[in-house]
Amino acid sequence: KMTQQMRDLQLAQARKPPGPSSPNAAKRLYRNLSGKFRVNYTSFDEGSLVGRGEKEKLRKSYLFQSNAALFEAVELQDLDRVQEMLKHYSPEELDLNTPNSEGLLPLDIAIMTNNAPIARALLQAGAKESPHFVSLESRSLHLSTLVREAEQRVNELMAQVVNEAPSTDCSEKEKQLKAWEWRFRLYKRMKAGFEHARVPDAPSSVHLSVASSTSLQVTFWEPLSVNSAVVTKYKVEWSCSPTFSPLLGEAVIDKLKDLHFTIQGLVSGTAYHVRVSAYNMKGWGPPQASTPPFAIPSNWREYDGRAPRRRGQAEALDHLLGQVKTVHQHCICHEPCKNQPQSRKHSVSKSLKHLFHPGSKFLKTLKRGLYLTAIFYKDDNILVTHEDQIPVVEIDDTYSCLLMQDFLWLTKVSCMWDEILWLRQCVTVSQSSCSCILQTRFKMLLAISQMQGLLGIQDLGQVFFEPIKDKQGNILIVTLKEVKTNQTFESVRWVPICKLQSGRKSVSSPEEPTALDTLLISLQDKLAYHQRSSHALSPGLYLGYLKLCSAVDQIRVLVPEQLPNILCHVKIRSNPNISREEWEWLQKMASVEEPVPTEPETDRSQNPLFQELQVAIKELMTLVNIPLQEAKDFRLYSQEVLDFGDQVSFLLLLPPSDDVCTAPGQNNPYTPRSGFLTLPLQIFELGEER
């Protein structure tokens with residue numbers, strides 16, 4: 001018998017003993033499993049057991065318990081219990097794809113009892129069907145054997161219970177009889193579920209899109225019918241012929257967490273037809289052709305053969321910096337130009353040196369001048385000096401130059417903290433002109449070196465997008481850096497942020513706070529900005545809104561507070577690629593100066609990008625508080641698609657040319673709702689690069 005062969009195989013491999021004898025036993029086992037399994041499983045790492053063999057034996061024991069409890073939860077059709085176990089334990093801990101003594105897997109039981117919710121939960125966790133069922137006949141035979149043997153066992157136990165006098169043994173046999181009666185009903189239900197099932201219908205929808213010059217993205221949805229058995233896998237097929245003869249390739253998808261597949265290695269410019277079919281325990285269902293019926297791998301750059309904008313730029317800048325260094329490396333002043341040692345001994349000696357060097361310690365209060373402060377934070381803690389002050393050093397006490405230009409220069413310097421010593425020496429050589437700008441920038445480099453030396457840290461992080469000013473004439477430039485690891489420092493220490501804020505005694509009035517008081521009051525906002533500015537967009541194509549406003553000394557760009565390193569935007573779709581055909585359509589629309597698509601048009605209803613843009617534009621206009629009718633005068637930037645790596649791309653929506661940049665004093669009737677801010681353009685560019 002096939003069933004007997006499976007059991008012999010299981011015994012030979014010593015996989016596991018039979019499961020609990022009754023549903024009540026399963027419930028008791030599950031109740032005890034959570035606490036018992038977790039406590040003892042973590043004890044392996046704590047070294048509480050002596051001997052590796054004993055540890056392994058105990059580990060296998062609890063793996064068996066978790067697996068048996070999962071089987072029983074599936075058999076009892078307890079969805080909440082199954083989801084709880086899948087949430088707390090990995091597939092390996094649950095032994096998810098190891099058959100029990102009857103040759104069944106948890107997924108087999110779920111699909112043959114037609115329990116779709118449990119089956120889907122198991123499939124998303126990585127469950128598979130038993131490999132022993134190689135055909136419909138083998139599955140049918142196996143189920144018939146299980147039903148027959150369970151019925152035979154029930155009859156045997158019933159005869160023993162009837163014929164034996166009441167005793168302890170008789171009571172035990174009655175329990176066994178109830179357990180086997182329950183299992184007999186389970187097997188009959190599984191057999192009936194298999195016999196009444198039919199092959200699945202075709203997937204309800206198959207969407208085909210162009211992913212790149214050599215790949216296509218296939219997204220599909222499960223069949224609408226609920227009468228057939230649970231679908232456990234899908235098959236994607238592709239061909240250059242609409243008849244799919246010959247077939248160029250196929251792929252079987254059995255990981256059903258996300259129903260999509262990317263066909264790689266295709267030929268650019270060649271049309272491919274795609275179809276998808278579903279599978280359940282009764283076999284493969286009919287295929288569903290994709291919409292559109294075919295697609296051609298391509299990319300918008302193929303329209304005019306344009307190379308990526310950033311190709312080779314980083315390498316060229318590195319080469320240019322190397323050339324500059326080569327020119328200056330023979331100067332006498334550059335002989336000591338080496339990275340500052342990071343050893344503990346040097347840090348201690350440098351700290352001691354600064355104790356006796358006037359003007360080389362952290363400042364406690366601000367006088368009139370320009371200052372630099374470094375904010376290092378980890379979770380809810382911040383680095384402060386031993387006097388519980390935020391680290392502050394002086395840049396210039398007689399600052400009189402144009403601040404914004406020097407500040408923007410410093411933000412660029414923040415991209416190369418490791419080169420400060422070299423930059424300082426270069427500026428020293430160039431100081432013969434004695435210009436105010438060079439003197440200020442040299443003092444900035446000195447202050448940075450001083451901060452790095454006092455902290456023993458070279459990377460001071462990201463410069464906050466605007467300095468803090470007060471009415472006493474102080475200007476405070478702030479850098480922010482999140483510390484990921486547990487580090488200790490000699491000249492500073494960690495304290496909770498709330499303790500620092502509540503413990504500081506202000507030396508200013510609430511009406512005219514000093515720059516340091518303003519920093520402490522707004523510290524949480526600045527940390528939130530820093531964290532948000534490092535967030536990345538999920539893969540996809542986005543529609544961005546470019547809105548600028550100018551001031552006397554800078555141009556600022558509108559950005560969302562939640563993602564200040566990206567323009568105001570909405571997501572168009574998950575596929576970031578713009579195909580050549582889509583780009584040709586956008587170029588055609590731009591050439592005839594058509595308005596952006598805000599209202600549906602019948603003759604374009606078949607263009608997916610047109611429909612996606614309609615939805616995205618409406619959403620974006622609502623986001624930035626602009627009436628939809630005003631968007632008719634807006635236009636799409638048609639010179640290029642902005643690519644940010646391989647996974648994120650942008651189309652830009654521009655206001656009328658006169659309104660792209662609002663001049664000082666110019667009235668802007670449409671102001672965005674709360675949740676936006678304006679950044680200096682250079683700061684925004686640096687944030688986008690990061």
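This is a predicted model: local features need pLDDT of at least 70, side-chain atom pairs count only at pLDDT 80 or more; totals for chains, interfaces and linings use all residues.
The protein chain has 690 residues, of which buried residues make up 46%, and its secondary structure comes to 20 helices and 24 strands. If we take the contacts in the chain with a separation of 6 or more, 73% of them are accounted for by residues 24 or more positions apart.

In general, two packed helices are described by the angle between their axes and the distance between the axes. On the side of helix 4 the contact is made by L79, V82 and L86, while helix 7 brings P117, I118, A121 and L122. Sorted by class, that contact of helix 4 with helix 7 has seven nonpolar residues, with no polar and no charged ones.

Staying in helix 4, we also find R81 there, and R81 has a relative accessible area of 15%, so it counts as buried, the limit being under 20%. The C-alpha atom of R81 is separated by 9.9 Å from that of I118, although the two residues are 37 residues apart along the chain.

R183 and L146 are 37 residues apart in sequence, and from C-alpha to C-alpha they are 9.5 Å apart in space.

Next comes helix 14, which runs over residues 436–455. How does the distance between its end C-alpha atoms agree with the expected span? At 1.5 Å a residue, its 20 residues should span 28 Å, and the end C-alpha atoms are 29 Å apart, which agrees. Helix 14 is mostly covered, with 14 of its 20 residues buried, and just after the helix G456 takes a positive phi of about 75°. Within helix 14 sits R441, which counts as buried because its relative accessibility is 18%. If we leave aside its neighbours within four places in sequence, R441 is in contact with Q405, D406 and W409.

The other helix pair I have for you is helix 18, residues 580–591, with helix 19, residues 608–623; they pack at an angle of about 65°, and their axes are 10 Å apart. Here helix 18 supplies E582, W585 and L586 to the contact, and helix 19 supplies L609, F610 and L613. These residues divide into five nonpolar, no polar and one charged.

Finally, a word on the cysteines. How many disulfides does a search of the whole structure find? The search finds zero. As for two individual cysteines, are C240 and C568 buried or exposed, or something in between? C240 counts as partly exposed, since its relative accessibility is 40%, whereas C568 is buried, with a relative accessible area of 0%.

Key: Residues are numbered from 1 along each chain as its sequence is written. Side-chain values use heavy atoms; hydrogens and water are left out. Helices (H or I, at least four residues) and strands (E, at least two) are DSSP runs, numbered from the N terminus. The expected span of a helix is 1.5 Å times one less than its number of residues. Buried means under 20% relative accessible area, exposed over 50%, partly exposed in between (1.4 Å probe, protein chains only). A disulfide is a pair of cysteine sulfur atoms within 2.5 Å. Contact means heavy atoms within 4.5 Å. Ala, Val, Leu, Ile, Met, Phe, Trp, Tyr, Cys and Pro count as nonpolar, Asp, Glu, Lys and Arg as charged, and the others, Gly among them, as polar. Axes are lines fitted to C-alpha atoms, for helices over the stretch in contact, and angles run from 0 to 180 degrees between N-to-C directions.
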